[in-house]
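Please keep the structure open beside the text while reading.

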Amino acid sequence: MRCIFGTARPVRLAVFAIVLCSAAIGLSARTTTSLEPSGWNSDLALAEARDKNPDPKIVEVDLAARVADVAVAPGKIVHAWTYDGSLPGPLIRARVGDRIVVHFKNELPESTTIHWHGMRIPIEMDGVPDISQPPVQPGETFTYDFVARDAGLFWYHPHVMSAAQVGFGLYGPLLIEDEDDGVGITDQLTLVLSDIGFDEHGTLDSADAGGPAGMVFGREGAYILANGKVMPTLRVRSGAPQRWRIVNAAKSRYFLLELGNQPFYVIGGDGGLQESPQTVHTLLITPGERADVIVRPTRGNTDTIPLRARLYDRGYGSIQYRTAESVLTVAFTDEPTLPPSPLPDVHRHFDQPTLEGATKVDILLTLPPAGPDGKSEFQVNGVPFWRAKPYRATVGERQIWIVKNDSKYAHPFHLHGFFMLPLDERLQPIRPMAWKDTINVPVDGTIRFLVDFNERPGMWMFHCHILDHADGGLMGHVHLEAASPTDLEHHKRPSGSW
Ligand code: C2O
Ligand code: CU
């Protein structure tokens, strides 16, 4: 277990530190056995990818994309696009430092790729068609092979016709665990939130439903899914702490979560643990983002508490004539409420970043009025991606991006391959510091972040993770060039050595 005091502290703090750290160890010791009734999370069970490699440092799995009938609720079957026949795709679980090998087979009627969202991996493994690799044609295979450098919940999805393919059901969780993260909560849940649209025959909504207006809004499916199920139930013992790692895999829908009046104790997000925990009562997770939270649902005068998605104004159509929606039900068992125990005080050290010398990059997001043909396009600095030139960076360069939204719709802004450090309007780190790969740019809002392009030359994408918006123009590239031949040598090392 990692002690928050680290080792480089003055000796006179040592006794104090030992007392506090053993208190923390005591806490985690108390929770090494489950506090929950058996089968507490069976409604939300995820399929798991089978590791066929006996080497404990290698997770090697087979994964096939194919069309399959999936039941999202009793009697509600959808002809979805899936990984290995399950919705979401199987949980791939590894430990930080492990090598991950995925033998992928495309059994879909269309070409596809897999992008490993949030992972700091070589460009060849990034799944961007024609940049990282040729698209994987129907019947073809591709082997993804990389090292998991960071602990956290990541996820995988296609990068070919992404709005269509993700909306049809192609996404899955990739959990990179760190046993020494000091969190010490035994009862854990990986929660993949999404939505899907289909008719009474189980036929998927067309990917271009609603035409240009559908693109401008960002299409949402009528059924909200939690681990592929409509309104599943989690059976919990009142007062028992649980760790939820949540990803929003919907192609457009925002989740502004609320669990009755129970707080979420946020310990991390996209790129693992954050600098220090925060308590919130609503938790916004935009498409692509993750949250790592501890909840301790405690019985009041009801036997159940709904986890609800409140309305969030991400542009016209997101709050008009709509109400909050339920995601899942937390149901209390009959056991007596556990007395409250302290939640783990999990900290992570972030160096104070050096901002001097960082190159500023200004980005303006706009949505000009539709043309005479009724077509709309989102623009980044005046052009949609199909008319854009790549932005440039050199290995070793730090950049501060200032992304201003003048488009009347909110955009979860995602950068491939590198973590972003959010900054405030004075360009100082927002505390607690946290590594992000997707940051929401609200309507009329501006975000600022620092990115350290310190390795791995390549053509790295950025785009809105409302995938209809990405297809509608809101996408671009950063051409990260090697500063010296050694950058390239480093780059050419086999992926397993990163
Ligand atoms: Cu999860 Cu390019 O995206
Ligand atoms: Cu967008």
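1. Asp130 counts as exposed because its relative accessibility is 64%, where exposed means over 50% relative accessible area, buried means under 20%, and partly exposed lies in between (1.4 Å probe, protein chains only). Asp130 belongs to the loop between β5 (115-117) and β6 (141-147), and, although it is not a glycine, it has a positive phi of about 70°. The strands named here and below are DSSP runs (E, at least two residues), numbered from the N terminus.

2. This is a predicted model, in which local features need pLDDT of at least 70 and side-chain atom pairs count only at pLDDT 80 or more, while totals for chains, interfaces and linings use all residues. Residues are numbered from 1 along each chain as its sequence is written, chains are lettered from A and ligands numbered from 1 in the order in which they are written, and side-chain values use heavy atoms, with hydrogens and water left out.

3. Which residues hold the copper ion (ligand 2)? Its protein donors are His411 through ND1, Cys464 through SG and His469 through ND1, at 1.9 to 2.0 Å from the ion. Donors here are N, O and S atoms within 2.8 Å of the metal (3.2 Å for Na, K and Ca), and because water is not among the atoms, sites may look incomplete. Along the chain, the donors of the copper ion follow the spacing H-x52-C-x4-H. His411 lies in strand β24 (residues 411-415) and Cys464 in strand β28 (residues 458-464), so this pair ties together parts that are 53 residues apart in sequence. Both His411 and Cys464 are buried.

4. Val266 is found in strand β14 and counts as buried because its relative accessibility is 8%. Although Val266 and Val293 are 27 residues apart in sequence, their C-alpha atoms are 4.3 Å apart in space. Leaving aside neighbours within four places in sequence, Val266 is in contact (heavy atoms within 4.5 Å) with residues including Gln274, Gln278, Leu283 and Val293.

5. Strands β14 and β15 run antiparallel and are joined by 5 bridges, where two strands pair if DSSP finds at least two bridges between them. They form a hairpin with 2 residues between them, and the bridge partner of Tyr265 in β15 is Thr279.

6. The second largest pocket holds about 710 Å³ of space. On a 1 Å grid over the protein atoms alone, a pocket is an open set of points with protein on both sides within 12 Å along at least five of seven lines, a cavity is a set where a 1.4 Å probe fits but cannot get out, and lining residues have an atom within 4 Å of a point. Grid points are joined across faces, edges and corners, and a volume is the space filled by probe spheres set on the points. Of the 28 residues lining this pocket, the closest to its centre are Gln278, Leu284, Glu289, Pro422 and Lys436.

7. How many cavities of 30 Å³ or more does a search of the whole structure find? The search finds 2. The largest cavity contains about 130 Å³ of space, and its lining includes Glu220, Arg253, Tyr312 and Glu325. The second largest cavity has a volume of about 40 Å³, and among the residues that line it are Gly152, Gly268, Gly272 and Arg290. Strand β17 gives the most to this lining, with 3 residues.

Technical notes. Helices (H or I, at least four residues) and strands (E, at least two) are DSSP runs, numbered from the N terminus.
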